[in-house]
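Please read it alongside the sequence and the coordinates.

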Amino acid sequence: MLPLVLANTGDEHIIKKISGNDEVKKHLENLGFTPGTSIKIINTLCGNVIVKVKDSRVALNEDMARRIMV
């Protein structure tokens with residue numbers, strides 16, 4: 001497992017785990033980030049990540065991207 005922020009651009013991964021407090025987990029869940037979900041890294045810039053999840057593109061800052069383990 002590795003944090004989403006360290007994944008390579010263009011790679012597809014399955015979310016294994018989401019860390020953080022309940023509020024953070026709920027926020028990410030509302031955006032479509034749940035364990036078992038497939039995501040694709042579209043672009044990264046200075047630690048910030050743009051991913052495709054459930055037919056949507058979502059931008060995450062580095063802090064949030066570090067909480068998602070793939």
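The numbered points below take up conventions, sheet, core, selected residues and salt bridges in turn.

1. Conventions. The model is predicted: local features need pLDDT of at least 70, side-chain atom pairs count only at pLDDT 80 or more, and totals for chains, interfaces and linings use all residues. Residues are numbered from 1 along each chain as its sequence is written, and side-chain values rest on heavy atoms, with hydrogens and water left out.

2. Four strands form an open sheet in the order 1-3-4-5, with antiparallel pairing; helices (H or I, at least four residues) and strands (E, at least two) are DSSP runs numbered from the N terminus, and two strands pair if DSSP finds at least two bridges between them. Strand 1 (12–14) and strand 5 are the edge strands, each pairing on one side only. From one strand to the next the twist averages 35 degrees, where axes are lines fitted to C-alpha atoms, for helices over the stretch in contact, and angles run from 0 to 180 degrees between N-to-C directions.

3. Hairpins. Strand 3 and strand 4 are antiparallel and share 6 bridges; in this pairing, isoleucine 39 stands opposite valine 53 of strand 4. The two strands form a hairpin with 2 residues between them, and cysteine 46 in the turn has a positive phi of about 55 degrees. Strand 4 is joined to strand 5 by 5 bridges, again antiparallel. Here valine 51 has valine 58 of strand 5 as its bridge partner, while lysine 52 has arginine 57. This second hairpin also has 2 residues between its strands, with lysine 54 in the turn at a positive phi of about 50 degrees.

4. Faces of strand 4. The covered face of strand 4 consists of Val49, Val51 and Val53, and the uncovered one of Asn48, Ile50 and Lys52.

5. Nonpolar core. The largest nonpolar core has 19 residues, of which Leu4, Leu28, Phe33, Leu60 and Ile68 touch the most other members. Such a core is a set of buried Ala, Val, Leu, Ile, Met, Phe, Trp, Tyr and Cys residues joined through side-chain atoms within 4.5 Å; buried means under 20% relative accessible area, exposed over 50%, and partly exposed in between (1.4 Å probe, protein chains only). At least two residues each come from helix 1 (22–30), strand 3 (38–45), strand 4 (48–53), strand 5 (56–60) and helix 2 (62–67). Strand 4 gives the largest share, 3 residues. Leucine 60, leaving aside neighbours within four places in sequence, is in contact (heavy atoms within 4.5 Å) with Leu4, Leu28, Leu31, Phe33, Asn48, Val49, Ala65 and Ile68.

6. Ends of helix 1. At the start of helix 1, a side-chain oxygen of asparagine 21 lies within 3.1 Å of the backbone nitrogen of glutamate 23. After the helix comes glycine 32, with a positive phi near 105 degrees.

7. Threonine 37. Not counting residues up to four places away in sequence, threonine 37 touches His13, Ile14, Ile15, Gly32, Val53 and Lys54.

8. Isoleucine 42. This residue belongs to strand 3 and counts as partly exposed, at 26% relative accessibility. Beyond residues up to four places away in sequence, isoleucine 42 touches Thr9, Ile50, Val51, Lys52 and Arg57.

9. Salt bridges. How many salt bridges does the structure hold? There are 3, a salt bridge being a side-chain nitrogen of Lys or Arg within 4 Å of a carboxyl oxygen of Asp or Glu. In helix 1, glutamate 29 and lysine 26 lie 3 residues apart, about one turn of the helix, and their side chains meet at 3.7 Å, N to O. Arginine 66 and glutamate 62 are separated by about one helical turn because they are 4 residues apart in helix 2. An α-helix has 3.6 residues a turn, so residues three or four places apart point the same way.

10. Accessibility of the paired side chains. Glutamate 29 is partly exposed, at 42% relative accessible area, as is lysine 26, at 46%. Arginine 67 is partly exposed at 21%, and aspartate 63 at 43%.

Technical notes. Polar contact = N/O pair within 3.5 Å; in protein donor to acceptor, adjacent residues only side chain to side chain.
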